[in-house]
Amino acid sequence: MSLRELWSYRDLFWILAWRDVKLRYKQTALGVTWVILQPILTSGIFAVIFGFLAELPSDGSPYMLFAFAGTLPWTLFAQSLQRAGTSLVSGRELVSKVYFPRLILPIASSFSVLVDFLVGLASISVLFLIYQVPLTWNILAIPGLVLANLLIAVGVSFWVSAFSVHYRDFIYALPFLVQAWMYASPVAYASSIVPEEWSVLYSLNPMVGIIEGFRWSLLGHGLFSWLSIGISLAVGLLVFFSGALVFRRIERGFADVI
Amino acid sequence: MNNLAISIKNLCKVYRIDPATGNTASQTLQEDLMGLVKRPLRRLASSVKQEVWALKDISFDVRAGEVVGLIGRNGAGKSTLLKVLSRITEPTSGYADIFGRVGSLLEVGTGFHTELTGRENIYLSGAILGMRKIEIDRKFDLIVDFSGVGKYIETPVKRYSSGMAVRLAFAVAAHLDPEILLVDEVLAVGDAAFQKKCLGKMGEVAEGGRTVVFVSHNMAAITSLCKRGVWLEEGCVQADGPVRQVVQDYLVMAGELDETKTNLASRTDRGGDGRLRFTEFQVRNRDGAPLSSAVSGEPVDLVLSYQAQGDIFGTTSIHFWICDAFGKCLISLSSLFTGEDLVNLPARGQIALHVPRFPLREGRYFVDLGADIDGVKADRVLKAIQLDVTTGAYYPVQQPAHPKDGDFLIEHSWRLLE
């Protein structure tokens, strides 16, 4: 991989990411408010269904806050995966008319979601005030967790976007993959409710470590284990580099097929 | 300045097209999975897929600073070649080496987004074309000036007229500053004034010592911008040489001038009310013997046969416009100019146009014909005649031989003033 070439196109990367952010909120009345509204509404629904109706445990935090701390990193992951996975097909005009390292498209789309995430992160402080939960030094782990989160999302999107050039089926399958993956991750529930005999298989899901890490970092307590973070990182790196290799292999034919 | 800028060796590009769907590859996973299941039939299925050779064994070099015009019919492979050169697509075999920073412009407005403002689009489109941000910062005012968009720069492009949007898009592209510029048919945009501006900009780029490969169907633009022409025909290089020669051969061979091959009498694409129709044309020498071509400097009779519905009562005037291969009129000869009214012509006959010393240089010319009766158009035929001219002794000692010597010969003399 020619990292130098990728680096020389860094301006294009920033401008594409900036374009995605800009376009997302053009002609919306609420604009960036949606970024805060979406995870809050989602966590509200989770709190009602899983916390109030199903009475699932929330490891000692208010369920709303507990769900929000899971929804925030999950939204970052799901949105980046969605946008990056479809980035080649939606940018086919560029792919067939201009040369640039194609890897830039999924990476830039995924980074554009980071802006939303930061806004959401800031809004969580309001929830902290409402529930009077103190922040801890654990919060310093967030940048690392965000990077690991993006690493996994971008890695998977390399696979999805590269194959979607030949087979649009991947675009249609993507929402279902994201949805199934969400239920396989501790977004709406605590991973402590997963039965013991499934826990090894469960922890192979790289998002388990990431989301538990976020909860630990934001709420100050919870299931933080170096092992599950290690698994997340290992799986993330594997998916990322294998995805990049596959992407580079198929890349040559993109313009002819897309 | 003799370094190579582009070196193309045995370049081939094959597209596989599925005739059933018209797609360049099967688009759903299902088809391929089915293909796996039906493996025994696969060989059969793959033979159904057509192979299209977009480029067949192309080889040529372009030196640094050279401006090359790439011409050919639609589907001849011009755009594919530019796509390979700009690395958008990979060749099937052979290679194209590029020495220098490439900027390619295959379409005006690639990456433009109508929701964004003019300013935002300049940055977006600039970056997509390969400019750095500081470069765009530096050229921003020039780009806005060139586009003429002016005060609307902060307005979303969707509120622009289509002409404005195109001008802005071209303005960004025009300020691309690569060592090697690849341009595909982008001059066909905007109004006449803006096209002229674009041509001027292209000329500036070409004269600035940059290497340019320029695809266009506008032969006048090609000949004025380029020195060298490469003519692609069905994926192969058909001709490669001085641009005028290549363009002329292309225009003649590619059937653009096919009309002249058909009989003048059977031409139906003509104007006028039809009271008179030209039917035949002949070049004759002073003794009345037919010639295959006129000779510069020699007397010549250009004889037109005509046919009318009956005897013509009235005054007929004949017009003879001699044009170059690009359709530009070089001289117009008319009985109105000489005042020789042709009164009361018979129903059929021949009219000779006499030129005492034929004043055009060697080459192939085309003639538009016209006849009026009492000032009303009776016949008009564009590119009615192909008129070949061979070199003769127009001047006593030496004849101008080079295209850059122009098309015309006129009598002249020199003397020293006391």
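How many nonpolar, polar and charged residues are in the lining of the largest cavity? Nine nonpolar, no polar and one charged (Ala, Val, Leu, Ile, Met, Phe, Trp, Tyr, Cys and Pro count as nonpolar, Asp, Glu, Lys and Arg as charged, the others, Gly among them, as polar).

Before you click: this is a predicted model, where local features need pLDDT of at least 70, side-chain atom pairs count only at pLDDT 80 or more, and totals for chains, interfaces and linings use all residues. Residues are numbered from 1 along each chain, chains are lettered from A in the order written, and side-chain values use heavy atoms.

**Stop one: chain B.** Select B:Leu105, B:Phe170, B:Ala173, B:Ala174, B:Leu176, B:Leu181, B:Val183, B:Lys201, B:Met202 and B:Val205, which line the largest cavity (points on a 1 Å grid over the protein atoms alone where a 1.4 Å probe fits but cannot get out; lining residues have an atom within 4 Å of a point). It holds about 70 Å³ (the space filled by probe spheres set on the points, joined across faces, edges and corners). Now colour α6 (162–174), β6 (180–184) and α7 (192–207) of chain B: each supplies at least two lining residues (helices are DSSP runs of H or I, at least four residues; strands of E, at least two; numbered from the N terminus).

**Stop two: chain A.** The second largest cavity has about 50 Å³ of space. Of its 11 lining residues, A:Asp59, A:Arg215, A:Leu219, A:His221 and A:Gly222 are the closest to its centre. Show helix α11 (residues 206–219) of chain A, which gives the most to this lining, four residues. The lining divides into four nonpolar, four polar and three charged residues.

Note on methods:
On a 1 Å grid over the protein atoms alone, a cavity is a set of points where a 1.4 Å probe fits but cannot get out, and a pocket is an open set with protein on both sides within 12 Å along at least five of seven lines; lining residues have an atom within 4 Å of a point.
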